[in-house]
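These exercises concern salt bridges in a predicted model. Work through each task before reading the solution below it.

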Amino acid sequence: MSALTDALDRILSWLEEYNNLDFARFESLQPGLKFAEIEEKVSSLLPLRLPKEVYELYQWGNGVWLDEEIYGRFFENYVFLSLETSLATYYEMTTINEEIDECNLIIKQNWNSLWFPILKDLDGRGYYVVLIHEIQKDTTPVIRVDFEEMGDYPYIIYPTLTNMMLAEAECYTSEIYSKFAYEEEYIRQKYQDIPMKIWRN
């Protein structure tokens, strides 16, 4: 078992056992997809490819159920998007219609086509994205795209998706989330590159 799947399974086990958080519930997570299902769904992205870490993530769970977003903030209080929603969001952000996109034009003009969203801020202020490439990568950095800072270079929050989920698993199993303890930032920094690096294409 990989470190990523182990971390995700620890999160799931904790949620299944305790289920007392007001932002993340076991029942709100869709079952994972089979590898072939993921391949079929993402074939429209070609020639760009999702990293192997992202395949592993969606085999573990396919994001939150529709209309369950308030209870689907499994990671860093961001909503875990289903693969279908991630794909729809990607195409929405990379397609510009100047007639109907007037309010979002600046955001879309600054959206990079290599950014693939997997987590969404519940208030619509931005996304956590991974990187897609023509040649499939094993790992991917996790980048925070903040709509209020569009035009600036975004920060790499975690060097890999695995690092992010290791931090999340430790936050859950240490009961940081249920106690709202101050150690959360310390735990995250163990898995981040500090100081954080700016992502440049």
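**Exercise 1.** Describe the contact between Glu84 and Lys41, and say where the two residues lie in the chain.

*Solution.* 
1. Glu84 belongs to helix H4 (residues 83-94) and Lys41 to helix H2 (residues 35-42).
2. Glu84 has a relative accessible area of 35% and is partly exposed. Lys41, at 30%, is also partly exposed.

**Exercise 2.** Classify Lys120 and Glu69 as buried, partly exposed or exposed, and place their salt bridge in the chain.

*Solution.* 
1. The closest N and O atoms of Lys120 and Glu69 are 3.2 Å apart, in a salt bridge.
2. Lys120 lies in strand S4 (residues 115-121), while Glu69 lies in the loop between strand S2 (61-64) and strand S3 (78-80). They are 51 residues apart, and the pair links distant parts of the chain.
3. The relative accessible area of Lys120 is 19%. Buried means under 20%, so Lys120 is buried.
4. Glu69 has 29% relative accessibility and is partly exposed.

**Exercise 3.** Which residues are joined with Asp123 into one network?

*Solution.* 
1. Asp123 and Arg125 form a salt bridge at 3.5 Å, N to O.
2. Salt bridges with shared partners join Asp121, Asp123 and Arg125 into one network.
3. Asp123 is exposed at 57% relative accessible area, whereas Arg125 is partly exposed at 44%.

**Exercise 4.** How many salt bridges does the count give?

*Solution.* The count comes to seven.

Conventions
Residues numbered from 1 in each chain as written. Predicted model: local features only at pLDDT ≥ 70, side-chain atom pairs only at ≥ 80, totals over all residues. Heavy atoms only, no water. Salt bridge = Lys/Arg side-chain N within 4 Å of Asp/Glu carboxyl O. Helix = DSSP H or I, 4+ residues; strand = E, 2+ residues; numbered from the N terminus. Buried < 20%, exposed > 50% of the residue type's maximum accessible area, 1.4 Å probe, protein only.
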